[in-house]
Amino acid sequence: MYTRISRGQWQQIFQEAVEELTQTVLRILDLPIISNIFVVGIPTNTQNVSQIYLQPKDCEFIPNQFQQVFALAKHNFDNDPEQFFFRDTAVLDRVHKDSLYPKALRQAVQFILHQHDLKREKISFCSFPIKRNQHWIITVIQLHQQDFDSQYRLTKAEHEIHSMQKYRIDRCFLEAVIYRILAESELELQKPLQGETFALVNSKRVIEDAASSLLRSVEVHVNNWNQIDLLSFANAIAAERYEGAVSKGRLIICKTNHTDILAKVKLKTPISISNYRGIRKLLEVSSSQMALLCDVENVWGFGVPLNTYQPSREDLFEIRFTEHYTWELVHAENIMLRVKYREPRLPRERFEKEEFYALLDQFFRVSKIAADKLVVAVEAAVEQRHGTMLVITPEAASETKRLTAQSTEIEPVTICKDIISHLSSVDGAILLSPDGVVHSFGVILDGKVTENGNSTRGARYNSAIRYVDGEQARNVNCLALIVSEDGYVDLYPTCEQTRRSIGN
C-alpha cells in the first residue's frame, strides 16, 4: 500500500496502513471479528507523560493511563537476566545492552494494557518498540477476548533456550497472523521515508509467513529449534503424485520413540525430510490404522498414537494430507491450520450452513422447508467424501433438456439423503431446482472461460465458475456447491463476492 503523506501526518498514515492490512488479512481469512489498531509513542529523552501520544486519539486510551510506563520499563530493564550476558567485544556488548531497554518498554506497555484488557474483555498484542522522531513507537492490535478464545490454541507461549533467555512461539494461527502484521509494522518504521510513503507488505505474504511461523513453533515443541521449513515440506508432499495418485495419508510429528506412539514398523535407515519423493512413496502405506512417523528432520517409521497421550504435553502433532494440494495441521484432533493450493487458512466448518441459507434467500427467496431440503442434499454429498458438485438453478428443468446429451436425465424427484448419496457417486454435477427437486445428474457443465477462474484449482471448481458466470450473464441466478474429496464445500458465488458484484 502506498500513501502520500506530509511530514506531520506520518503517525496517522502509518496507523491507517497497519489497520488496512489487518482488516484485509482478517477478511481473506473469513474472520468477521473487530480489531482495534492504534499507535503509542513514548518519548525517548524525557519522562513527561504529556509527551506520550496516541494515534488515533479516540483509541479508548489517554496518555495519563501510561504514567507508570517509565518506572515499569526501568524495573524490567534492571531485572532482566540478559543484563548478565557479555559479548566478545565492548561494541557488541553495548549493542546487546541497548536492545534490552525497548524489550523492557514493550513489557511495560503490555502490562498496562493487560490491566485494562481484563476489564474490557479484550486481548492486546504489541510490536517491538522502534525509535523514530524522539519517540519509541509501539503498534498495538486489540481483539475481543471472546473472538480470540474461539480459536483452538496451544498453551505454551515461550521456548526457553536456557533459564535466562526465552523466545516467543505461536499458540495458534490467528496469533501468528497478528504477530506477523506487527513484525511488518516494525520493519516499515525502520525504513527511511522515501518520497514520504509507507508501503506495507501484501496480505497474502503476511498469511504465508504466519503459517510458516506456526509450523516453526511446532518444530520447537517437538524437536527444539531446527532450520526446517515444514510449510514448504507439507506443500511439496501435497503436490506430489505417486503413480498418478494424489497425496493422501497421515504424518505424525513427534520425537523418535515417543512414549505415546506405538511404532509398528521402524525404518532401518530414516528418510530425510528433504526427500519429498521418497516420503511421498511411503505415504501410500499410511492409513487411519498406521501413519508415517517423523521427528521433524527424518521419517523414521510407521505407527499410531496411543490414547495415553495428554494434549497438555503439546509434543505430538499430525499433518493430514486429504487431497491434491490440501493438508491440515492437527493437534489432539483439533485442526490448527488448513492449507489448500498453498493458501493457508484458519480451520472452518466443512459446510458454511448460515451463508448457504443467506444465499438461498437472496437468490431464490425459497421457503424454510425447501431450504432445509437443500441443506440435506449438501450434507449427504459431504458425507460421501469423494467430491461432487451441486448446482441450484430455477431453470434446472430447461437446462436438463439443453444438456441432455451430456447428462443423465431423470423424472423429477424430491431431494432425500439416499438419492443424493447415490447420485453423487457419478462424475458430473447434480442439477437441482430451488424447491428441492433433482432433475439430472452426471451433468457436464458448459460455459466460457471467465476472469474469475483460478488456475490453481481443479477442473470441477473452474467448470462451476464458468457455468455460473454464464448464467449470471443472462440474468439467471445460479448457485454452485463444489464438494471436495475431503468433505469441504466451496460456495460460488459467496456472499462476499455477491456484495462486491452489487457494489460494482
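User: Why is Y341 called buried?
Analyst: Buried means under 20% relative accessible area, exposed over 50% and partly exposed in between, with a 1.4 Å probe and protein chains only. Y341 has a relative accessible area of 16%, so it falls under the buried cut-off. This is a predicted model, in which local features need pLDDT of at least 70, side-chain atom pairs count only at pLDDT 80 or more, and totals for chains, interfaces and linings use all residues. Residues are numbered from 1 along each chain as its sequence is written, and side-chain values use heavy atoms, with hydrogens and water left out.

User: What backbone feature does Y341 have, and where does it lie?
Analyst: Y341 is not a glycine, yet its phi is positive, about 55 degrees. Most residues other than glycine have a negative phi, and most peptide bonds are trans. Y341 is located in the loop between β14 (334-340) and β15. The element names follow DSSP runs numbered from the N terminus: helices are H or I over at least four residues, strands are E over at least two. N257, also not a glycine, has a positive phi of about 60 degrees and lies in the loop between β8 and β9.

User: Which peptide bonds are cis?
Analyst: The bond from Q55 to P56 is cis, with omega near 0 degrees. Another cis bond joins Y492 and P493, where omega is about -5 degrees. P56 belongs to the loop between β2 (53-55) and α2 (69-78), and P493 to the loop between β21 (489-492) and α14 (495-503).

User: Why is β13 described as largely enclosed?
Analyst: Six of the six residues of β13 are buried, so the rest of the structure largely encloses this strand. Both of its faces are covered: T326, E328 and V330 are buried on one side, and W327, L329 and H331 on the other. T326, for instance, has a relative accessible area of 0%.

User: What pairs with β13 on either side?
Analyst: β12 pairs with β13 in the antiparallel sense over five bridges, and R320 is bridged to E328. These two strands form a hairpin with two residues between them, and Y325 in the turn has a positive phi of about 65 degrees. β14 is joined to β13 by six bridges, again antiparallel; L329 stands opposite L337 there. In that hairpin, with two residues between the strands, A332 has a positive phi near 50 degrees.

User: What makes T326 and K340 a polar contact?
Analyst: A polar contact is a pair of N or O atoms within 3.5 Å; within protein, one must be able to donate a hydrogen and the other to accept it, and residues adjacent in sequence count only if both atoms are side-chain atoms. The side chains of T326 and K340 make such a contact at 3.5 Å.

User: Which residues touch the most other members of the largest nonpolar core?
Analyst: A nonpolar core is a set of buried Ala, Val, Leu, Ile, Met, Phe, Trp, Tyr and Cys residues joined through side-chain atoms within 4.5 Å. Of the 68 residues in the largest one, F173, L174, L251, F321, W327, L329 and L337 touch the most other members. Helix α5 (residues 173-189) supplies the largest share, nine residues. Another core, of 31 residues, lies apart from it and includes A377, L423, I430 and C495.

Methods
Two strands pair if DSSP finds at least two bridges between them.
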